[in-house]
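Colleague: Could you take me closely through one part of this model, the sheet, and then connect it with what surrounds it? Please give the cut-offs as you go.

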Amino acid sequence: MPSKMKPKRKAAPKPAPTAAPASPTAPSLELAPKAFFWEAQAENGARLFLLGSVHIGDGRQLVLDSRIEEDWAQAQELVVELDTSTLSPIDAVDATNRFGLLPRGTTLRSVVAPDTYKQVAKYMKARGYPMERIDRMRPWLVAQVVTQLEYTAAGLDAENGVDVVMMRRAAGKKGVVPLESLDEQAALFAGLPAPLQETMLVEILREAQALLAVTRATLTAWEQGDERTLTDLLFGNSNGDAALGEFYERVFYGRNRTMTDRIVALSADAKPRFIVVGTGHLIGPQGVPELLAQRGFRVERVGSARVLPGAEATPA
């Protein structure tokens, strides 16, 4: 489940701050952006390597610099939010039925405002998506469908997301450990209050045309390690609204605390691990790196690490 879906997005990102030089002695004026990459060490010596992910991609090859690749080689396990490599279509359908569908006899028309329903019907007609498939969905799932339709039309695919690419690299070589289950992720969205679910849906519909521009800006900010812009894109509306505060608490901050608890528990055996979770879970004072530091880990964002330009193809 994409965790970065939120009720509102800024129309345009703020200007990015000037990045620091690649090294103190570099004579070139060219500035090297940072990657969203941290190294952490527990008191028992366990080493963790945390790479921020974007869960969608445009097909370009993911290329990581030598520092990140060296840490990847050391890691015995890959830790991700959700191990999609083990999920079957039956698992996905089952979770959708239990958490994404309204009770029998209840329809979308009966749980959202008439104008919201009209907007949904108009959008689905334009996209050629049958309303009979929508009518039993909860509003949060309809919002996900809208997002996915926009991504598909633009050639963006979760199979090109950073976490999925790293799971393909781990196949047969490293164990993959999930921090969450599909049920947990689906239940989280299903548990959002009905008015907030409808607000999410209305905003996604209203900003559908701008969604791709925001997504492209998010990908660019991630590639450049631009924390200021990415924070603005993901959390720009997090203050001053109780409903939005609940959204961020459930979708980001609460999950960050749970993920941190599980990472700390995993670290008890002192194995080195490479952790890939959404970048929104790593940045800011409530992000996982800061929470690990509060738990006694030595944590450093690696200034020399970066994501390199990739070719127009993602390897299998």
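Modeller: Ala40 stands opposite Val299 in S7, and the strands concerned, S1 (residues 37-41) and S7, run antiparallel and are joined by four bridges. Two strands count as paired if DSSP finds at least two bridges between them; strands (E, at least two residues) and helices (H or I, at least four) are DSSP runs, numbered from the N terminus. This is a predicted model, in which local features need pLDDT of at least 70 and side-chain atom pairs count only at pLDDT 80 or more, while totals for chains, interfaces and linings use all residues. Residues are numbered from 1 along each chain as its sequence is written, and side-chain values use heavy atoms, with hydrogens and water left out.

The open sheet has six strands in the order S5-S4-S6-S2-S1-S7, with mixed pairing. Its edges are strand S5 (175-178) and strand S7 (298-301), each of which pairs on one side only. From one strand to the next the twist averages 20°.

The phi of Ala270 is near 65°, a positive value in a residue other than glycine, whereas most residues other than glycine have a negative phi. Ala270 counts as partly exposed because its relative accessibility is 33%, the class between buried (under 20% relative accessible area) and exposed (over 50%), with a 1.4 Å probe and protein chains only.

Phe274 is, with Met124 and Ile134, among the residues with the most contacts inside the largest nonpolar core, which has 84 residues. Such a core is a set of buried Ala, Val, Leu, Ile, Met, Phe, Trp, Tyr and Cys residues joined through side-chain atoms within 4.5 Å. Not counting residues up to four places away in sequence, Ile134 touches Leu108, Val120, Met124, Tyr129, Val142 and Val145, where contact means heavy atoms within 4.5 Å.

A further loop, between helix H5 (139-153) and helix H6 (162-170), contains Gly155. With a relative accessible area of 45%, Gly155 is partly exposed. Leaving aside neighbours within four places in sequence, Gly155 is in contact with Gly57 and Asp58; the C-alpha atoms of Gly155 and Asp58 are separated by 6.4 Å, although these residues are 97 residues apart along the chain.

How values were computed
Axes fitted to C-alpha atoms, helices over the stretch in contact; angles between N-to-C directions.
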